Amino acid sequence: DDMSIEQLINYQLNNFPTIKKVVKRGYQLLMYAMSPKVISEGNIVKVSPNDDFEYFFGYYDKSPWDANMRYMICMRADNTWSEPDPKGTADILLIDVSEDSKLSNGFTMVGGKKIKKIAITHTWNVQQGCMAQWLGPDFQSRIMYNDMRDGKYCSVILDWETGKELILSIPVYSVSSDGKTALSLDFSRLHSLRLGYGYSELPEITKDVILPDTTAVWKLDIETGEVTELLKYTDFANFQPRPEMQEVGSIHKVNHLMLSPNGKRFIVLYRWFCGHRKYTRLVTCNVDGTDMYVLNDDDMVSHCYWKNDEEIIAFENKHGSGPGYYLMKDKTREYKHLWKELCVDGHPSYSPDGKLVVTDNYPDRTRIASVRIMRDNQIEVVARVFAPFRYDNDTRCDLHPRWSRDGTKICFDAAFEGHRGLYVVDIKA
């Protein structure tokens with residue numbers, strides 16, 4: 001099976017990252033040259049303007065649509081292929097996707113689409129944007145996003161119709177659906193240790209400290225502005241420690257905070273590196289920092305999503321059955337291996353009614369990435385798009401598929417037309 005040969009070579013090359021990049025690029029160029037050309041397939045509608053800017057939304061765990069599904073949040077930048085965590089600014093736009101041809105509320109026609117620029121951010125990256133999102137519980141009047149003001153990272157709550165702002169003292173990573181609580185991490189350390197996810201404007205305070213005895217996760221009370229230091233890096237390293245964590249020179253970080261639907265618990269990926277070896281532990285925790293639980297400790301976890309307040313889907317490794325999608329029950333050892341034939345990493349999320357899962361994959365050997373929808377044991381490919389070579393490695397354009405609030409549409413970012421754009425596929429059609 002050629003997949004296993006590819007995986008074997010991939011594994012062998014992990015110790016030589018530069019050679020790996022060259023080999024991978026050469027292999028993909030060859031395979032692309034030999035393959036039938038696909039630019040895009042599926043019932044795909046472009047929602048971002050047709051011009052030379054780069055348009056994207058960000059990550060897979062948020063919906064760009066407001067509650068009425070009239071407006072979509074979109075980022076706009078000049079360049080998203082040179083730097084994964086660019087300095088300089090990006091615009092935050094609303095796109096009016098209604099059929100209504102009237103322009104109201106300050107919207108203008110740009111590149112054939114109705115848009116309104118509502119803000120500028122100084123803190124963004126190509127994978128997650130600036131965390132711009134509709135704020136609950138109503139998901140229509142206020143938008144929350146990260147920015148830099150007075151030389152510090154912060155988050156902003158903007159009433160987009162009045163322009164009124166509320167500035168909070170720390171940036172956000174995950175926000176509860178009731179709009180009351182947010183969690184944060186160190187975006188400068190993230191920039192140093194994982195390009196494409198942090199912000200590069202401010203220097204890292206923990207630079208060259210491999211295991212900082214400083215805060216790793218903060219909690220923000222959105223209503224009062226109060227900030228609580230929840231957990232330190234040393235709290236993670238000292239909780240049910242493994243010998244690999246304590247190896248000389250191992251470097252520690254956290255990433256991918258995600259609050260449960262009821263906002264009572266969160267997941268966090270605790271990662272450490274020893275040389276070229278990477279380890280990830282999936283930890284769940286109460287929102288006050290208590291009752292920590294190690295949910296997966298089999299070395300590799302990538303993308304997770306809360307199905308409900310008790311269950312979490314993740315692409316991860318399980319000793320004995322290997323990498324795949326698993327549905328786990330929080331604070332237990334219970335899990336199910338889903339869609340065993342899907343053994344490539346992607347960004348999974350459940351539809352609002354919990355019946356479907358959407359996921360994507362990284363570009364295959366012919367540079368095609370796909371959006372798949374899974375129902376029980378059926379898997380359906382609803383979109384396939386080409387990934388230009390310019391968008392690769394740390395500035396790649398992941399599809400990051402996300403659900404509309406009524407579960408009828410999927411939105412994703414793609415670069416098959418030569419630059420990043422925001423696209424929608426109607427899965428009911």
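The charged end of Arg76 sits over the ring of Phe53, 5.2 Å from its centre, where a charge counts as sitting over a ring if NZ of Lys or CZ of Arg is within 6 Å of the ring centre and within 35 degrees of the ring normal. The charged end of Arg189 is likewise placed over the ring of Tyr233, 5.2 Å from its centre. The model is a predicted one, in which local features need pLDDT of at least 70 and side-chain atom pairs count only at pLDDT 80 or more, while totals for chains, interfaces and linings use all residues. Residues are numbered from 1 along each chain as its sequence is written, and side-chain values use heavy atoms, with hydrogens and water left out.

Arg76 belongs to strand 4, of which 7 of 7 residues are buried, that is, under 20% relative accessible area, with exposed meaning over 50% and partly exposed in between (1.4 Å probe, protein chains only). In a regular strand the side chains alternate between the two faces of the sheet. Both faces of strand 4 are covered, with Tyr71, Ile73, Met75 and Ala77 on one side and Met72, Cys74 and Arg76 on the other. Strands here are DSSP runs (E, at least two residues), numbered from the N terminus, and two of them pair if DSSP finds at least two bridges between them. Strand 3 (residues 54–56) runs antiparallel to strand 4 and is joined to it by 3 bridges, with Phe56 having Met75 as its bridge partner. Strand 4 is also antiparallel to strand 5, through 6 bridges, and Tyr71 stands opposite Asp96 in strand 5.

Elsewhere, 4 strands form an open antiparallel sheet in the order 2-30-29-28. Its edge strands, each pairing on one side only, are strand 2 (44–46) and strand 28 (402–403). Strand 2 pairs with strand 30 (residues 421–426) over 3 bridges, and Lys46 has Tyr423 as its bridge partner in strand 30.

The structure holds 18 aromatic pairs, counted when ring centres of Phe, Tyr and Trp (its six-membered ring) lie within 6.5 Å, with planes under 30 degrees apart stacked, over 60 edge-to-face and the rest tilted. The rings of Trp81 and Tyr391 have centres 6.4 Å apart and planes at 80°, so this pair is edge-to-face. Because Trp81 lies in the loop between strand 4 (71–77) and strand 5 (90–96) and Tyr391 in the loop between strand 27 (378–386) and strand 28, the pair ties together parts that are 310 residues apart in sequence. Trp81 is partly exposed at 28% relative accessibility, whereas Tyr391 is buried at 3%.
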